[in-house]
Amino acid sequence: MEKNIELYNYFIDNAAQLTEEWYENLDKSDPKGVYSSKNIEVIEKVKEQNNAFHYYFPKVFVEDKDVFLKDLEKWIHTTSSDQEHIDTPIHFIIREFIQTRGQYLRLIEEFKIKNDIPYEIVAKWNLQIIETFDLVIYKFSEGHHYYSLKQLEAQQELINELSSPVITLANNQALLPLVGDIDTARATAIFENTLRQCSERKISELFIDLSGVAIVDTMVAHQIFNLIDGLSLIGVKSVLSGIRPEIASTAVQLGISFNHISISSTLSKALEMK
């Protein structure tokens, strides 16, 4: 254990040097990501993150495994959720973990020569480093994937919301122009966003224009007409315009009644009627 403590202290003493050597040899030619940034603040931050790693990782030689992993996972969580790292392709990040692992193995060799450490002890240390780096790479990749998905979901929600805008008109009226393909996920977003926006803005009449929608499947068509029913429940009258023959055919196949829905062939005619 005494040699492990000495090795731990050796790593801590060389932490700053490890970071500087790593950044000096860093491949800065990546087409995108944190490592190619020329922003001074980003560069300083990535150096700080790398340096912090050198204070967490060497604890593997002196701490209980569970305690060590708990501390190291704090670094993994903080770094993998960092926006610059989320925007960096994961294979670039794994490459730098491999580079850092090489630094650690070389530092152990240097420590062995200076202190005449037996081969069997060095072999054990090397195995610890290799196995623990494998675990770190796995955990970091897992975190990177999780936070990348969270960001993608947030972006998709924003896209869905922006793609179904409720445009306020005069006299508590509003317009919902629908354009492009509508899949089940987008139809659900339209349903939720429209009800919320109409309620918040105290809309009494909503013009829903479908002239920009070419094709919908039966599930999506059903969701659109569910929206009309939902709007009715919160006191909003709906006016449909621009229904294409394909959508009308799907609605008829679903057995949807148009008796309680105001319909106009075009949006301009719908607005002229008011």
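Student: Which helices each supply at least two residues of the lining of the largest pocket?

Tutor: Helix H4 (65–80) and helix H7 (119–162) do. This is a predicted model, where local features need pLDDT of at least 70, side-chain atom pairs count only at pLDDT 80 or more, and totals for chains, interfaces and linings use all residues. Residues are numbered from 1 along each chain as its sequence is written, and side-chain values use heavy atoms, leaving out hydrogens and water. Helices (H or I, at least four residues) and strands (E, at least two) are DSSP runs, numbered from the N terminus.

Student: What lines the largest pocket?

Tutor: Start with the idea. Rolling a probe the size of a water molecule over the atoms shows where empty space is left. A pocket here is an open set of points on a 1 Å grid, where a 1.4 Å probe fits, with protein on both sides within 12 Å along at least five of seven lines; lining residues have an atom within 4 Å of a point. The lining includes Val-60, Lys-65, Phe-68, Gln-128 and Leu-135. H7 gives the largest share, four residues.

Student: Which residues of helix H10 are buried?

Tutor: First, the general rule. An α-helix has 3.6 residues a turn, so residues three or four places apart point the same way. Buried means under 20% relative accessible area, exposed over 50%, partly exposed in between (1.4 Å probe, protein chains only). In H10 (residues 245–253), Ile-247, Thr-250 and Ala-251 are buried. They cover an arc of only 100° around the axis, which puts them on the same side of H10. The arc is that of the directions from the helix axis to the C-beta atoms. On the other side of H10, Pro-245, Val-252 and Gln-253 are exposed. Gly-255 follows H10, with a positive phi near 75°.

Student: What is the strand order in the open sheet?

Tutor: Two strands pair if DSSP finds at least two bridges between them. Here five strands run in the order S1-S2-S3-S4-S5, with mixed pairing. At the edges, strand S1 (167–168) and strand S5 (262–264) each pair on one side only. S1 is joined by two bridges to strand S2 (residues 173–179), and the two run antiparallel. Thr-168 has Ala-174 as its bridge partner in S2.

Student: Where is Lys-112 found?

Tutor: Lys-112 sits in helix H6 (residues 90–115). Its relative accessible area is 24%, so Lys-112 is partly exposed. Setting aside neighbours within four places in sequence, Lys-112 is in contact (heavy atoms within 4.5 Å) with Ile-117 and Val-122.
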